[in-house]
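Me: Hi! I'd like to go through this one with you, a bit at a time. Could you help me read it?

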Amino acid sequence: MGNHPPPQPPRAPREVIRRDVGSWISGPSRPLCARCGDPKPDDGNLMHSECEEAETAEALAALRGTEPVRAEHVMAGDTVLIDGTEAEITDVRHGDYWLTTGQHGPGVALGWRCGSSSGIMFRRADDTLDRIS
Ligand SMILES: [Zn+2]
């Protein structure tokens, strides 16, 4: 953000930085996340755990034909992915909730049904869910 590279003379070879997961070689001291490119803990993984989750979610979304939707815009009758499982939203309530992040704030309580199981999950209003399009 706001970190623009210095202007280069027209004939200077451009450095191409690829973030190809398969060919990423982490450096010995400051490993960089293969997804966002930021420094990450040297834990032997290619990327931040949250980046890995996002990567997995994107791969799943591509497979299933889903679209990202803000939790506050989910409607009853929508089908969303919860932990990779398709669930039908049966009930939506907006309000202020204590969220799993430990914060209190605007959120959405989503009633869901999946086969014979059902439940309610709480999401921040600006959280993103995968809706099956
Ligand atoms: Zn990352």
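This is a predicted model: local features need pLDDT of at least 70, side-chain atom pairs count only at pLDDT 80 or more; totals for chains, interfaces and linings use all residues.

Me: Thanks. And how many residues does H1 itself have?

Reply: H1 covers residues 49-64, which gives 16 residues. From its first C-alpha to its last it reaches 22 Å, close to the 22 Å expected at 1.5 Å a residue.

Me: Okay, zooming out. How many helices and strands does the protein chain have?

Reply: There is one helix, along with six strands. In sequence order the pattern reads α-β-β-β-β-β-β.

Me: In what order do the strands sit in the sheet?

Reply: The order is S1-S6-S2-S3-S4-S5, in an open sheet with antiparallel pairing. S1 (66-70) and S5 are at the edges and have a single partner strand each, so one side of each has no neighbour in the sheet. From one strand to the next, the twist averages 45 degrees.

Me: Where does H1 lie relative to those strands?

Reply: H1 lies across S1, S2 and S6, and runs at about 20 degrees to S6.

Me: Let's go through the pairings. Over how many bridges do S3 and S4 pair?

Reply: They pair over 10 bridges in the antiparallel sense, with S3 spanning residues 85-98 and S4 residues 104-114. Two facing pairs to look for are Asp 96 with Pro 106 in S4 and Gly 95 with Gly 107 in S4.

Me: And which residue in S5 stands opposite Val 108?

Reply: That's Arg 123. S4 and S5 (residues 117-124) are antiparallel too, with eight bridges between them. Their hairpin has two residues between the strands, and Gly 115 there takes a positive phi near 60 degrees.

Me: What about the hairpin of S2 and S3, which residue takes a positive phi there?

Reply: Asp 83 does, with a phi near 50 degrees, and that hairpin also has two residues between the strands. S2 (residues 79-82) runs antiparallel to S3, joined by four bridges, and Val 80 has Ala 87 in S3 as its bridge partner.

Me: New topic: which residues make up the largest nonpolar core?

Reply: Eight residues: Ala 71, Val 80, Ala 87, Ile 89, Val 108, Leu 110, Trp 112 and Leu 129.

Me: Say I click on Ile 89. What is it in contact with, leaving aside neighbours within four places in sequence?

Reply: Ile 89 is in contact with Val 74, Met 75, Ala 76, Gly 77, Asp 78, Val 80, Leu 110, Gly 111 and Trp 112. Val 80, Leu 110 and Trp 112 are also members of the core.

Me: How much of the protein chain is buried overall?

Reply: Buried residues account for 11% of the 133 residues. As for contacts between residues at least 6 apart in sequence, 37% of them join residues at least 24 apart.

Me: Now Met 47, buried or exposed?

Reply: Met 47 counts as buried because 23 other C-beta atoms lie within 10 Å, and the cut-off is 20 or more. You'll find Met 47 in the segment before H1.

Me: What does Met 47 touch, not counting residues up to four places away in sequence?

Reply: Met 47 touches Cys 33, Ala 34, Arg 35, Lys 40, Glu 52 and Glu 55.

Me: Last one: why does Ala 57 count as partly exposed?

Reply: Ala 57 is in helix H1. It has 18 C-beta neighbours inside 10 Å, so it counts as partly exposed. Ala 57 and Gly 84 are 27 residues apart in sequence, yet 7.9 Å apart in space, C-alpha to C-alpha.

Notes: Residues are numbered from 1 along each chain as its sequence is written. Two strands pair if DSSP finds at least two bridges between them. A residue is buried if 20 or more other C-beta atoms lie within 10 Å of its own, exposed if 12 or fewer, and partly exposed in between; C-beta atoms are placed from the backbone. Two residues are in contact if their C-beta atoms, placed from the backbone, lie within 7 Å. A nonpolar core is a set of buried Ala, Val, Leu, Ile, Met, Phe, Trp, Tyr and Cys residues joined through C-beta atoms within 7 Å. The expected span of a helix is 1.5 Å times one less than its number of residues. Axes are lines fitted to C-alpha atoms, for helices over the stretch in contact, and angles run from 0 to 180 degrees between N-to-C directions.
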